[in-house]
Each structure stands twice: as C-alpha cells, then as structure tokens.
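Visitor: Hi, I'm new to this one. Can you walk me through it?
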Amino acid sequence: VAPAVAPAAARTDAPAAATTAAPVAATTAAATAAPATPRAELKFAVTTRVMRTRAEAEQVAAAMGALLQTIDAGAVHTDILPVQDDWRVVGWPFARRQDADKARALLSARGMRVQVIAF
C-alpha cells in the first residue's frame, strides 16, 4: 500500500512546485527592475525612546524643540507620535545625516537619549 501512495504524492507535489516557482521569479524580476531609493531622497529624524504618558512626551517635545532651535536645523520641527499605548517624540526632517547626527550629539549632551533614523 505504501508504494502506491508515494507516487501519487510525488505527482501532486511536482505541479505545486512548478506553479510557485513562476510567481517567485516574477517577484524577483520586479524587485530588481525597480530602482532603489536614491540617497538624495532619504530624510533623517531623531527619535526618543517610547514614553508611557503624553504629558512626559509633551515636556520632552518642548525641550527638544528649544534645543533644536539653537542649531541651524532649518525647517526641523518636533512631533509627538503614538506608539500603541505609548508616545514617542520625533524631530524631523533633516536633509543630511550629518545634520541629524549633530542634533543627536547636542540632545545627548543635554541628557536626552535619542537615535537617528532614516525614512
């Protein structure tokens, strides 16, 4: 009985493998054909850790905004973003990574733990 089942399983597996190979190849071709995002279009932001209360996030946003005004950050502004039940403060957009790193260094020197992210 076992040899009769094995060839049937082999027959059903072969077409399934052939049908899944075509979409994977098409997806791979589409991914390689699409141009990657140029570095010039990337923007950067500094973001805080997640905070439990909106009141804490508002205080940090005010402090971050005041500190970012002391450097030549252009049109950078601060936002408070919800993260599930918590909050995160983000200063953005920075046109260059160097500007975001400069802001991170300033904020870190004042005791604010932030990280630079690209988007």
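Visitor: What pattern does the protein follow along the sequence?
Guide: Read that way, this predicted model goes α-β-α-β-β-α-β. That comes from three helices and four strands.

Visitor: And how many residues count as buried, as a percentage?
Guide: The protein has 119 residues, and 24% of them count as buried.

Visitor: OK, on to the strands. In which sense do β2 and β3 pair?
Guide: Antiparallel, over seven bridges. Strand β2 covers residues 77-83, and β3 runs over residues 86-94.

Visitor: What sits between the two strands of that hairpin?
Guide: Two residues. Q84 takes a positive phi there, near 55°.

Visitor: Which residue in β3 is the bridge partner of P82?
Guide: That's W87.

Visitor: Let's switch to D86. Where does it lie?
Guide: D86 is in strand β3.

Visitor: Does D86 count as buried or exposed?
Guide: Buried, because its relative accessibility is 15% and the cut-off for buried is under 20%.

Visitor: So what is D86 in contact with, leaving aside neighbours within four places in sequence?
Guide: V50, M51, R52 and L81. With R52 there's also a polar contact, side chain to side chain, at 2.9 Å.

Visitor: Last one, zooming back out: what share of the contacts between residues at least 6 apart join residues at least 24 apart?
Guide: For the protein, that share is 65%.

Terms used:
Residues are numbered from 1 along each chain as its sequence is written. This is a predicted model: local features need pLDDT of at least 70, side-chain atom pairs count only at pLDDT 80 or more; totals for chains, interfaces and linings use all residues. Side-chain values use heavy atoms; hydrogens and water are left out. Buried means under 20% relative accessible area, exposed over 50%, partly exposed in between (1.4 Å probe, protein chains only). A polar contact is a pair of N or O atoms within 3.5 Å; within protein, one must be able to donate a hydrogen and the other to accept it, and residues adjacent in sequence count only if both atoms are side-chain atoms. Contact means heavy atoms within 4.5 Å. Two strands pair if DSSP finds at least two bridges between them.
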